[in-house]
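User: Please take a close look at one helix in this model. Then place that helix in its surroundings.

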Amino acid sequence: MSAPPATRGPTRADAMARDAALGDLSRRDDFALPPGRLYFDGNSLGPPTRAALVRLETAAGQWRDDLIASWNTHDWIHLPQRVGAKIARLVGAADDEVVVCDSTSVNLFKVLATALVLRPGRRTILCQDDHFPSDNYIADGLAALVPDVEVVRFRCDQGRLEALDAALAAHPAAVVSLGHVGFRDGRLLDMAAVTELVHHHGALALWDLAHSAGALPVDLDACGVDLAVGCGYKFLNGGPGAPAFLYVARRHHDAAETPLPGWLGHADPFAFEPAYRPAAGAARFVCGTPPVLSLAALDAALDVFDGVDLERLRALSLSLGDLFLELAAARLARYGVECACPLDGAVRGAQVVLRHPDADAAIQAAIARGLVGDHRAPDLLRFGLTPLYLRHVDVWDAVEGLDAVFSNGEHRQERFRRRGIVP
Ligand SMILES: *Cc1c(COP(=O)(O)O)cnc(C)c1O
């Protein structure tokens, strides 16, 4: 049985016209993207900038030539704070509120524990039920260690405030752990409204910015957020396993205690004092020796945002998403492909998500054609969008590629069903 004909939808020339009309951010040439590849997976692993690749060599040369002196001469020692300050500007924070260290999961552990210290009368951690699994595993792990702490999961119910309001009324929580953009459905929560509601109930708001930092404007200070964490290797393009960041609002700095008081979060690490004394600000959350090579790459990668207006980046990103969904409805619905993210750009992050029972093989077949997206079990196809290097015409070519995958029946071919451990 052959599929019914496609409704046409915008043409490639239409897509190019949108590029011409909206302009771009002039950052495409800053990236070292392999030719012939359409990269829509920057939400899982951002591609390298040319500057980051050069910087990796520079950092390796510093190690080779200057050895241990580099901690001072190249100021390696302050990389967690210096890179944190660069990220602070992207997420609406002050320089001393953000620090770069460890992984997102480890940082989440630290700030969740901090929240329990900041709200001593409360013993509940409220978690979004459809949160990134690691975030909820970490909350469970912390609760298992700390007496009387319990984790309660609430149904986020498509970001409707009533569900959270009811959960908070039933469970007076110390902290609510939230994802700014859902990793599966790409739904963007209203940070200002949710944070206000959380505060109304006397709890602290902890946001995971893994899918929003670098992808859209974030305003932690203006929203009154208490704590946040986020990823260095997604939209910030810091490289595989890049260290993550954490944010602590300045009003909490004096009382914020880290559960992992390592020597490099000490006020004076090289005094080697017998007891821990916290460094000022978010810097106390640095635990051990910073991963200099990874931090150097992230440091250089962040320079691609210099001079980028995040409101404009957001507008372009939404336009890319709108075109993707418009084309998917016109050309892919006939194969049974559905939209699995909000159509309304106001509540959609920087990814589009489609649903099809053969999502896994369809993505593998698309990758074989040079179109890189990813698959989330059981039936989702995800495509990350950033106008730093993607244009409307790339979106058009991507949907053209998906159309070819389905019309050729590649999504049913056995050779595309095999995959590695990482989907
Ligand atoms: C990607 C992601 C993480 C990853 O955490 P790591 O510990 O850095 O591997 C955590 N939370 C969310 C919401 C994510 O999307």
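Analyst: In this predicted model, helix H8 spans residues 191–200, and its buried residues are Met 191, Val 194, Thr 195, Leu 197 and Val 198. Viewed down the axis of H8, these buried residues fall within an arc of 160 degrees, so they line one face of the helix. The other side of H8 carries Glu 196 and His 200, both exposed. Here buried means under 20% relative accessible area, and exposed means over 50%.

What do the buried residues of H8 pack against? Their contacts are helix H7 (161–170), strand E5 (175–179), strand E6 (204–208) and helix H9 (220–223). After H8 comes Gly 202, with a positive phi near 80 degrees.

E6 pairs with E7 in the parallel sense, over three bridges. Trp 207 has Ala 228 in E7 as its bridge partner. E7 covers residues 227–230 and is joined to E8 by four bridges, with the two strands antiparallel. In that pair, Leu 227 stands opposite Val 248 in E8.

E8 itself (residues 245–248) is covered on both faces. Phe 245 and Tyr 247 are buried on one side, and Leu 246 and Val 248 are buried on the other. In a regular strand, side chains alternate between the two faces of the sheet. E8 also pairs with strand E2 (residues 98–100), antiparallel, over three bridges. Val 98 has Tyr 247 in E8 as its bridge partner.

Next, the ligand. Which residues are around the ligand? They are Ser 103, Thr 104, Ser 105, Phe 132, Asp 135, Asp 208, Ala 210, His 211, Cys 231, Tyr 233 and Lys 234. For Ser 105, a polar side-chain atom lies 2.6 Å from a ligand oxygen atom. For Lys 234, an N or O atom of the side chain is 2.6 Å from an oxygen atom of the ligand. For Tyr 233, the corresponding distance from a side-chain N or O atom to a ligand oxygen atom is 3.2 Å.

There is also a four-strand sheet. It is open, with the order E9-E10-E13-E12 and antiparallel pairing. Its edge strands are E9 and strand E12 (374–376), and each pairs on one side only. Helix H12 (residues 359–368) packs on this sheet and touches E12 and E13, its direction making about 40 degrees with that of E13.

Within this sheet, strand E10 (residues 351–355) is mostly covered, with four of its five residues buried. Two bridges join E10 to strand E9 (residues 338–339), and the two run antiparallel. Cys 339 has Leu 354 in E10 as its bridge partner. Glu 338 stands opposite Arg 355 in E10. On to E13: five bridges join E10 to strand E13 (residues 380–384), again antiparallel. Here Leu 354 stands opposite Leu 381 in E13. Helix H11 (residues 310–331) lies across E9, E10 and E13, running at about 15 degrees to E10.

Technical notes: Residues are numbered from 1 along each chain as its sequence is written. This is a predicted model: local features need pLDDT of at least 70, side-chain atom pairs count only at pLDDT 80 or more; totals for chains, interfaces and linings use all residues. Side-chain values use heavy atoms; hydrogens and water are left out. Buried means under 20% relative accessible area, exposed over 50%, partly exposed in between (1.4 Å probe, protein chains only). Two strands pair if DSSP finds at least two bridges between them. The arc is that of the directions from the helix axis to the C-beta atoms. Contact means heavy atoms within 4.5 Å. Axes are lines fitted to C-alpha atoms, for helices over the stretch in contact, and angles run from 0 to 180 degrees between N-to-C directions. A residue is near a molecule or strand if one of its heavy atoms lies within 4 Å of it. A polar contact is a pair of N or O atoms within 3.5 Å; within protein, one must be able to donate a hydrogen and the other to accept it, and residues adjacent in sequence count only if both atoms are side-chain atoms.
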